Amino acid sequence: MAGDPEAVAKAFTDHYYSTFDTARPNLAGLYQDQSMLTFEGQKFQGTQAIMGKLTSLPFQACKHHISSLDAQPSLSGGVLVFVTGQLLPEGETNPLKFSQTFHLAPVGGSFVVTNDLFRLNYG
């Protein structure tokens, strides 16, 4: 899996978004203390701060639909992942368009998120 950035990106995003949609606290294992999330311009560093943000969003359940997924290899065996799609929070009828970028670093045979950038796309 480490050799093909596209396969890594696909497997990661499938896992990330299905976990986000159904069991958000279980995302904690993907982040480390040096990980950073920029969410709509706000920065959160470390697993605890990132999970605090993700678990405090104003909806408990949601559904992600991925429109596009791009991947590039990065230094030291990492993978840069860029995702666009739609997010439908529970109880809502109008999906929100979003973009999200992940930098994945290899650690012990799997990957962790070192950088995570999220933006809603308006207009």
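Predicted model: local features only at pLDDT ≥ 70, side-chain atom pairs only at ≥ 80, totals over all residues.

Reader: Where is T13 found, and is T13 buried or exposed?

Author: T13 is in helix α1; helices (H or I, at least four residues) and strands (E, at least two) are DSSP runs, numbered from the N terminus. T13 has a relative accessible area of 3%, so it counts as buried, which means under 20%, with exposed over 50% and partly exposed in between (1.4 Å probe, protein chains only). Leaving aside neighbours within four places in sequence, T13 is in contact (heavy atoms within 4.5 Å) with L69, V81 and V83.

Reader: Which residues does Q100 touch?

Author: Setting aside residues up to four places away in sequence, Q100 touches Y16, Y17, V81, F82, V83, D116, L117 and F118. With Y17 there is a side-chain to side-chain polar contact of 2.7 Å. Q100 lies in strand β5 and is buried, at a relative accessible area of 4%.

Reader: What about S99?

Author: S99 is in strand β5 too, and is buried with a relative accessible area of 15%. Its side chain makes a polar contact of 2.9 Å with the side chain of N121. Beyond four places in sequence, S99 touches F82, V83, T84, L117, F118, R119 and N121.

Reader: Is Q34 buried, exposed or partly exposed?

Author: Q34, in strand β1, is partly exposed, with a relative accessible area of 47%. The side chains of Q34 and Q32 make a polar contact at 2.7 Å.

Reader: How do β1 and β2 run, and how many bridges join them?

Author: Two strands pair if DSSP finds at least two bridges between them. Here β1 and β2 (residues 42-45) run antiparallel and are joined by four bridges. T38, for one, has K43 in β2 as its bridge partner. The two strands form a hairpin with two residues between them, and E40 in the turn has a positive phi of about 55°.

Reader: How do I read a pocket?

Author: Rolling a probe the size of a water molecule over the atoms shows where empty space is left. On a 1 Å grid over the protein atoms alone, using a 1.4 Å probe, a pocket is an open set of points with protein on both sides within 12 Å along at least five of seven lines; lining residues have an atom within 4 Å of a point. The volume is the space filled by probe spheres set on the points, which are joined across faces, edges and corners. The largest pocket holds about 200 Å³ of space.

Reader: Which residues lie nearest its centre?

Author: F39, L57, F59, L87 and F118, out of 16 residues in the lining of the largest pocket. At least two lining residues come from each of α1 (5-23), β1 (31-39), β5 (96-107) and β6 (110-121).

How values were computed:
Residues numbered from 1 in each chain as written. Heavy atoms only, no water. Polar contact = N/O pair within 3.5 Å; in protein donor to acceptor, adjacent residues only side chain to side chain.
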